[in-house]
Every structure is written in structure tokens, then in C-alpha cells.
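The report that follows accompanies the model displayed below.

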Amino acid sequence: MTFHGHLQRLVERALAAIPAADAGDIYALSFLIANEDDDPRQPTLTVGCNTEAQARRSIQDASDEAEARWNYAFWIQNELTVVGDLTNDPVGAAARQKWLTGLGLWYDEPTDLADWDSVVGPLAAQIASHFNQTCCQLARTLHTNGAIERSVGRTVPVIVHELEYYEAIARQTEAANPPGVADEFTAWVRGG
């Protein structure tokens with residue numbers, strides 16, 4: 001199975017497992033992208049969600065309602081699935097390495113520290129770009145094929161992000177969703 005196919009299968013399965021009793025309270029899905037062990041060759045996707053109840057509980061700790069709603073630090077921090085994790089998803093990790101190798105982006109760790117900037121930096125940036133694009137495309141596919149609506153009962157935004165938010169996070173979240181679906185989130189990111 002290709003990495004893209006594996007990614008879609010695991011995420012669709014995780015979304016389908018959301019209990020119907022919880023689905024009605026979900027207002028956004030999280031696609032958290034992080035590098036396992038800070039290794040750019042090992043990007044992972046953690047899928048989660050947040051609920052209206054959690055946003056209400058977080059208001060007392062946040063600077064305002066929008067921060068409680070959109071800042072991932074205040075979210076439930078659930079893991080519906082983690083794709084590409086070496087321990088929990090070794091099949092996905094192997095498929096990811098094969099995919100990156102096919103793109104000509106896999107590299108062995110340099111033994112010379114001088115090679116880190118000239119070799120690892122450019123490849124790491126390309127890996128991150130391809131992985132982010134893949135996650136955005138998956139989110140669009142989940143909107144198009146109805147997987148999100150079947151799981152949550154309606155269209156909700158998929159926030160494609162890291163732990164920090166900045167303009168690129170707003171742009172990729174816009175790209176991951178139908179027009180207008182993520183406007184509240186992107187306005188908050190851009191508003192500072």
C-alpha cells in the first residue's frame with residue numbers, strides 16, 4: 001500500500017470510530033504535524049478534534065473566547081490516530097520512508113556537521129512541504145468523499161498545523177478546506 005493510501009485508510013477509520021454521542025459537539029478537527037524525535041525524515045500526523053464543551057471550559061484560562069476555541073494548547077489533546085509513528089504505526093513509517101525515497105528526499109544522517117546545513121536543511125524543507133501538501137490533500141479528500149460529514153454529522157474545518165501558528169498554517173488550513181469553512185480560524189491566526 002502507498003503512503004497516501006495508508007494515511008487515508010487510518011484517518012478515515014479513526015473518524016468513523018468517533019462515537020455518535022460525541023460527534024455533535026465537535027466543531028473542528030486537528031491535523032497536527034510533528035517530526036518524531038525531531039527528525040525531519042519522520043513527519044507524523046496526529047488526528048484529533050475539539051468540542052464546544054472543551055472550548056467553554058477553556059475560556060477561564062485563555063485570554064479570550066477565540067483563543068480558547070482555536071489555540072491548540074486549550075484543546076482536548078486527543079489522538080484519534082497517529083500516522084507514521086515508528087512504534088504505533090510501523091507500517092506507515094515504512095511506507096513514508098519508501099514514499100520519501102521515491103521522491104528522492106530520503107537521506108542518511110551526515111557524519112560531517114558541515115553537511116547538516118547544506119544537505120539536511122534543504123531536504124528537510126522539501127520533506128515538510130510534501131508532507132504538508134499531502135495532509136492538505138487528504139483533508140480535501142475527506143471533505144469531498146463525505147468522510148467528515150459521515151463522522152461528525154456536518155462539515156467542520158480541518159486545522160492543519162504545528163504547535164505554533166503563523167501565516168503558513170492559515171494558508172495550508174485554507175487549502176485543506178472548502179472555501180469559507182476555516183475562516184474563523186484563519187482570521188484568528190492572522191489577527192494575532
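## A buried glutamine and its surroundings

Q54 is buried, with a relative accessible area of 15%, where buried stands for under 20% relative accessible area, exposed for over 50% and partly exposed for what lies in between, with a 1.4 Å probe and protein chains only. The residue lies in helix α3, and, leaving aside residues up to four places away in sequence, Q54 touches F74, W75 and I76, a contact being heavy atoms within 4.5 Å.

This is a predicted model, in which local features need pLDDT of at least 70 and side-chain atom pairs count only at pLDDT 80 or more, while totals for chains, interfaces and linings use all residues. Residues are numbered from 1 along each chain as its sequence is written, and side-chain values use heavy atoms, with hydrogens and water left out.

## The chain as a whole

The protein chain comprises 9 helices and 4 strands, which are DSSP runs numbered from the N terminus (helices: H or I, at least four residues; strands: E, at least two). Read from the N terminus, the order of elements is α-α-β-β-α-α-β-α-α-α-β-α-α.

For 192 residues a compact globule would have a radius of gyration near 16 Å, and the 17 Å of the protein chain agrees with this; the radius is taken over C-alpha atoms, and the globule rule is 2.2 Å times the number of residues to the power 0.38. Along the principal axes, the C-alpha atoms fill a box of roughly 50 × 35 × 30 Å. Buried residues account for 48% of the 192 residues, and, of the contacts between residues at least 6 apart in sequence, 65% join residues at least 24 apart. The protein chain exposes about 9,500 Å², of which carbon and sulfur atoms supply 51%; accessible areas come from the Shrake-Rupley method with a 1.4 Å probe, and for residues only the protein chains shown count as cover.

Helix α1, residues 3–16, has 14 residues and reaches 20 Å from its first C-alpha to its last, close to the 20 Å expected at 1.5 Å a residue, the expected span being 1.5 Å times one less than the number of residues. Its buried residues are F3, H6, L7, L10, V11, A14 and L15. Seen down the axis of α1, these residues fall within an arc of 155 degrees, so they line one face of the helix; the arc is that of the directions from the helix axis to the C-beta atoms. They pack against several elements, including β1 (26–35), β2 (43–51), α5 (90–102) and α6 (114–144).

In α5, the residues G92, A93, A95, R96, W99 and L100 are buried. They cover an arc of only 165 degrees around the axis, which puts them on the same side of α5, whereas V91, K98 and G102 are exposed on the other side. The cover over the buried residues of α5 includes α1, β2 and α6. Just after α5, G104 takes a positive phi of about 75 degrees.

In helix α6 one finds T144, which is exposed, with a relative accessible area of 71%. T144 and P178 are 34 residues apart in sequence and 8.9 Å apart in space, C-alpha to C-alpha.

## Charged pairs

Side chains of opposite charge can pair when their charged atoms come close. The structure holds 7 salt bridges, each a side-chain nitrogen of Lys or Arg within 4 Å of a carboxyl oxygen of Asp or Glu. The table lists three of these pairs.

| Pair | N to O distance |
|---|---|
| D39 and R41 | 2.8 Å |
| E52 and R69 | 2.7 Å |
| E167 and R190 | 2.9 Å |

D39 is buried, with a relative accessible area of 9%, and R41 is buried, likewise at 9%.

E52 and R69 form a salt bridge. E52 lies in helix α3 (residues 52–58) and R69 in helix α4 (residues 65–70), so the pair ties together parts that are 17 residues apart in sequence. E52 counts as partly exposed at 26% relative accessibility, while R69 is buried at 16%.

The side chains of E167 and R190 also meet in a salt bridge. This pair links distant parts of the chain, with E167 in helix α8 (residues 167–176) and R190 in helix α9 (residues 183–191), 23 residues apart. Salt bridges that share partners join E167, R171, E174 and R190 into one network. E167 counts as partly exposed at 35% relative accessibility, as does R190 at 40%.
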